[in-house]
Amino acid sequence: MNEMNNQVARVFARIRTQTPLIHHLTNFVVMNDTANVTMHIGASPVMAHAAAEVEEMVSLAGALVINIGTLTPDWIEAMFLAGKRANALGVPVVLDPVGAGATTLRTQTSQRMLNELEIAVIRGNAGEIATLSGSGGVVRGVDSIEGVRDPEAVLHIARTWNTVVAVTGQRDLVSDGRRVLGIDNGHVRLTQLTGTGCMATTVIAAFAAVEHDFLLAASGALATFGLAAELAASAASGPASFKLAFFDQLFNLSAEHVAAGVRIVDLTP
Amino acid sequence: MNEMNNQVARVFARIRTQTPLIHHLTNFVVMNDTANVTMHIGASPVMAHAAAEVEEMVSLAGALVINIGTLTPDWIEAMFLAGKRANALGVPVVLDPVGAGATTLRTQTSQRMLNELEIAVIRGNAGEIATLSGSGGVVRGVDSIEGVRDPEAVLHIARTWNTVVAVTGQRDLVSDGRRVLGIDNGHVRLTQLTGTGCMATTVIAAFAAVEHDFLLAASGALATFGLAAELAASAASGPASFKLAFFDQLFNLSAEHVAAGVRIVDLTP
Amino acid sequence: MNEMNNQVARVFARIRTQTPLIHHLTNFVVMNDTANVTMHIGASPVMAHAAAEVEEMVSLAGALVINIGTLTPDWIEAMFLAGKRANALGVPVVLDPVGAGATTLRTQTSQRMLNELEIAVIRGNAGEIATLSGSGGVVRGVDSIEGVRDPEAVLHIARTWNTVVAVTGQRDLVSDGRRVLGIDNGHVRLTQLTGTGCMATTVIAAFAAVEHDFLLAASGALATFGLAAELAASAASGPASFKLAFFDQLFNLSAEHVAAGVRIVDLTP
């Protein structure tokens, strides 16, 4: 995996050279955090959700994040407008189906997005992805109760949806339908904070903006994200001091850290 | 009050065993903070406000927070849908009437909620509660200028409204209409940050989700909240370092800390 | 500039004596941060955006912030309602045209506000102000790519608009159309965080609430803001630890610090 590590480090370095604009239609809970994470990883955030401007805004962007964490009908309309324009322009769309499985609105909207938009990467927890794939997930609020944890199942889902699927958990699983990779970077502190899944999605979007092999982009992003968490954890005495250290570490990461620290394994059957 | 302390500690421990889902319809300013506080106290947060999904979401929840801090008409509709479903299902509803008294919209909406919903606990500052009770409060923005500080008055209001009333301030007052308790935990740093009242409401909801004696739940929650603030204050050199330490302390609290540290006095006349 | 420093320190001290209410119609990304900054500088924040209450709320306020960072049509309506009432009452209106130049919605709405409202201070980055003045700015998302950096040009824009114009950057430029001042306080860490421009606007509003010489208010606010950043930077090992230290420093600033530390130069041609 040494070559993989170097590839990830090169993608990471490109983010900081190109500072791509990442257009977010995301939830109210995490907007501040994901804007900061976008900056710390080396990209530039913009949050804009008015139907009147999303098509214009996404045309300036390197990637589009659609995150349904606090969904309402007017946002759905804007998400489709932005997503369709992004597709037309070749701007990668990264979908975070927060809480799919918990309510019909979230499940059906996510399914419509998978059907009607070209999604570069979908990132969810095991319950969200299992629910959307019809393989029996259980989601309570935004937490995964039961879900998909098997590499072969993730591979199958990615092939069915014809997109890159990233299932985050203790070991993240990422597949493009041909290969499936496991990412072993990360730290339990990430589960003690709100919005860390949404932040991971944002980092995937920053990687996808500069690397159109989306399997590489998504797995590299999650490994880099997890690496920063590992580096932050030793300095933390609780979730809030961890969050502060994590943000600082994301900012202070170098390509050399990334090349040396990411742990990605090939789990393709 | 040693038995009271042990009761509070047992309720606190149950939150961490049961990790109840706390459904919030809350304001945009505090969403991130209250989601984190929900997690740090040991429960699980979800923010959802679309009329199309609130009834479904609240059916998964252990408690519902209704907080009117950034109120608009569409949110009012969703709040009543969620609140009525919560009432039908026996899910406790905790109301935070942010800014009641400052504008007619906030005052009238809060009064309608007190009239049309079964509220388990209402938590406000002295000005908000005084305004709503018709006893002459003055609220400027979201700050209490004049309000109710007398235990007997709080008891009377709780009896009139037939709900648990929690008035937070230097000494918090909590009554169910029969008894009135004073909570002496807390720290002045809590007044130097936005949203600490909203965070206290969230902690009350986490307690109410696992303890349906709402006098015990509300007073135990406020004492626990204040205890974490006390533990955090010595490490702080300003409000932001206090906030970080406070969140870490909430997370690191044990049932033993709670049993040893909460200070609740019976002020029943 | 010693007399200027003393003037700024006196305005600063008045904020803490009067604790003016600052009514914000601002974007979702920064609401929590700007509410805290409002408190730390010594004023009192309220966020309220319902058309049904903004006129009532602004009548309690010492200043009104209009920030278009996450603009939608219903917010535009509320912003004009609040702005017109503020004008009628003599409450200073501080405008932050976030992303003007990036989309037509933002550019046109900002121009309408400059035309139809009496704006006490407009604060933007170089690209936003240049775009709005028709002098060829380029804005990507919310970042300035090309803009106005010349004191004489800022003076000319302020004269044309008949308002105080504050262009923030490495050296901030502030003009009322007669004089133009440069503010040299600040730190590069402010560019590594989301929302620091919005926070600066909030501090300008707090100053404008207690000082109706808006050239003094805006330049004093930006200098004070930059001074806190300078004091915070040495303690920081990244943008998140900087943010924490910066908030603590804003809170811990004294009028003596301000008098000794602000660096304002007269650049009037």
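The contact between chain B and chain A takes 25 residues from chain B and 28 residues from chain A. The model is a predicted one.

Q: Which element gives the most to the side of chain B that touches chain A?
A: The elements that give two or more residues to this side are α2 (31-41), β2 (44-47), α3 (54-58) and α10 (239-252) of chain B. By class, the side has 16 nonpolar, 6 polar and 3 charged residues. With 6 residues, the element that gives the most is α2(B).

Q: What kind of axis relates chain B and chain C?
A: Chain B is superposed on chain C by a rotation of 120 degrees, with 0.0 Å of shift along the axis and an RMSD of 0.0 Å. This relation is that of a three-fold axis.

Q: Which residue of chain B comes closest to the axis of the rotation that superposes chain B on chain A?
A: The rotation that superposes chain B on chain A is one of 120 degrees, with 0.0 Å of shift along its axis and an RMSD of 0.0 Å. At its C-alpha, the residue of chain B that comes closest to the rotation axis lies 3.8 Å from it, and this residue is F28(B).

Q: Is V30(A) buried or exposed?
A: V30(A) lies in the loop between β1 (21-25) and α2 (31-41) of chain A. Leaving aside neighbours within four places in sequence, V30(A) is in contact with G69(A), G195(A), C198(A) and M199(A), and also with N32(B). A residue is buried if 20 or more other C-beta atoms lie within 10 Å of its own. V30(A) has 29 such neighbours, so this residue counts as buried.

Q: How are α2(A) and α10(A) placed, in angle and in the distance between their axes?
A: N36(A), V37(A), H40(A) and I41(A) in α2(A) meet F247(A), L250(A) and F251(A) in α10(A). By class, this contact has 5 nonpolar, 2 polar and no charged residues. The two helices pack at an angle of about 30 degrees, and their axes are 7 Å apart.

Q: How many residues of helix α6 of chain B are buried?
A: The buried residues of α6(B) are A126(B), G127(B), E128(B), I129(B), A130(B), T131(B), L132(B) and S133(B). They pack against α5 (104-116), β5 (121-125), β6 (138-140), β7 (143-146), α7 (151-161) and β8 (164-168) of chain B. The helix is largely enclosed by the rest of the structure, because the buried residues number 8 of the 8.

Q: Which residue follows α6(B) with a positive phi?
A: Helix α6(B) covers residues 126-133. The residue that follows has a phi near 75 degrees and is G134(B).

Q: Against which elements do the buried residues of α5(C) pack?
A: Helix α5 of chain C has 13 residues (104-116) and reaches 18 Å from its first C-alpha to its last, close to the 18 Å expected. Its buried residues are L105(C), R106(C), T107(C), T109(C), S110(C), M113(C) and L114(C). They pack against β3 (63-67), α4 (73-89), β4 (93-96), α6 (126-133) and α7 (151-161) of chain C.

Q: Which residues have the most contacts inside the largest nonpolar core?
A: In chain C, I204(C) touches V94(C), V121(C), R123(C), A166(C), A217(C), A218(C) and A221(C), not counting residues up to four places away in sequence. The largest nonpolar core has 335 residues, and those with the most contacts inside it are I204(A), I204(B) and I204(C).

Q: Is N162(A) buried or exposed?
A: N162(A) is not a glycine, yet its phi is positive, at about 55 degrees. Its place is in the loop between α7 (151-161) and β8 (164-168) of chain A. Since N162(A) has 11 C-beta neighbours inside 10 Å, this residue counts as exposed.

Q: What is the phi of T19(B)?
A: T19(B) is found in the loop between α1 (2-18) and β1 (21-25) of chain B. With 19 other C-beta atoms within 10 Å, T19(B) is partly exposed. Its phi is positive in a residue other than glycine, near 35 degrees.

Definitions and conventions
Residues are numbered from 1 along each chain as its sequence is written. Chains are lettered from A and ligands numbered from 1 in the order in which they are written. This is a predicted model: local features need pLDDT of at least 70, side-chain atom pairs count only at pLDDT 80 or more; totals for chains, interfaces and linings use all residues. Helices (H or I, at least four residues) and strands (E, at least two) are DSSP runs, numbered from the N terminus. The expected span of a helix is 1.5 Å times one less than its number of residues. A residue is buried if 20 or more other C-beta atoms lie within 10 Å of its own, exposed if 12 or fewer, and partly exposed in between; C-beta atoms are placed from the backbone. Two residues are in contact if their C-beta atoms, placed from the backbone, lie within 7 Å. Ala, Val, Leu, Ile, Met, Phe, Trp, Tyr, Cys and Pro count as nonpolar, Asp, Glu, Lys and Arg as charged, and the others, Gly among them, as polar. A nonpolar core is a set of buried Ala, Val, Leu, Ile, Met, Phe, Trp, Tyr and Cys residues joined through C-beta atoms within 7 Å. Copies are superposed by least squares on the C-alpha atoms of residues with pLDDT of at least 70 in both. Axes are lines fitted to C-alpha atoms, for helices over the stretch in contact, and angles run from 0 to 180 degrees between N-to-C directions.
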